[in-house]
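Welcome! Here is a short briefing to read alongside the model on your screen.

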Amino acid sequence: MCLSTLAGTVIGLVRALPQLVRLLRSRQALGVSVDTALTSAIVSFGWAAYGVLTNQPYVTLATGASAAVFFVITISALKFGRTIKEFRIAPVWFVALCVAFLIKGQAGLGIILPISILVSNIPQICVAAREEDLTDLSFGTWVLSMSDGLVWGLYSVIEQDYSIMVFALFQLMTSGAIVFLKFLNQKKRHAEV
């Protein structure tokens, strides 16, 4: 196992935990996109399946564990103030992944999964840009998500897996945008105090 695989697996296992811990501590979900959380769970389950189909057990391990945590985040965010009405992308993307797999199998997942991270993170970017209070949005989860993009990007170069390479680029870009918006929000809120 190369260092990038080990690092990517560890990051994948823990990257969503700071968001879950923050929700459970605050018992609120200010600034958290429930649509991103559920879409991330769906996409992570898709990546776990891709890892099984392509014989990449570390991809399966990291994304399978991440999927479970994102699902618990979804349930927690709903319990702590978000609503089912916010689900717009998650159900559509679930159907899209299923159709891609049914039509093209592994190749279908390999085509659609790389853009899935873009699709799953856009609702969080919208919530972070729109809402005034991002108190419960975890800075740690999104910094780890940026690291996830960097590490899996390195892995994809080593393995020459273009699906993972595109995923890594989109993960880095969208997570970086969320970190930037959270930083701006914190700066604005501190200036108001």
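The chain holds seven helices and zero strands; helices are DSSP runs of H or I with at least four residues, strands are runs of E with at least two, and both are numbered from the N terminus. Read from the N terminus, the order is α-α-α-α-α-α-α. This is a predicted model, in which local features need pLDDT of at least 70, side-chain atom pairs count only at pLDDT 80 or more, and totals for chains, interfaces and linings use all residues. Residues are numbered from 1 along each chain as its sequence is written, and side-chain values use heavy atoms, leaving out hydrogens and water.

**Shape and packing**

- The radius of gyration, taken over C-alpha atoms, is 16 Å, which agrees with the value near 16 Å for a compact globule of 193 residues.
- Along the principal axes, the C-alpha atoms fill a box of roughly 50 × 35 × 25 Å.
- Of the 193 residues, 50% count as buried, meaning under 20% relative accessible area with a 1.4 Å probe, protein chains only.
- Take the contacts (heavy atoms within 4.5 Å) between residues at least 6 apart in sequence: 81% join residues at least 24 apart.

**Confidence**

- The mean pLDDT (the predictor's confidence in each residue, from 0 to 100) is 91 for the chain, and 97% of its residues reach 70 or more.
- Where pLDDT is low, predicted coordinates should not be read in detail.

Notes
Rg over C-alpha atoms; globule rule 2.2 N^0.38 Å.
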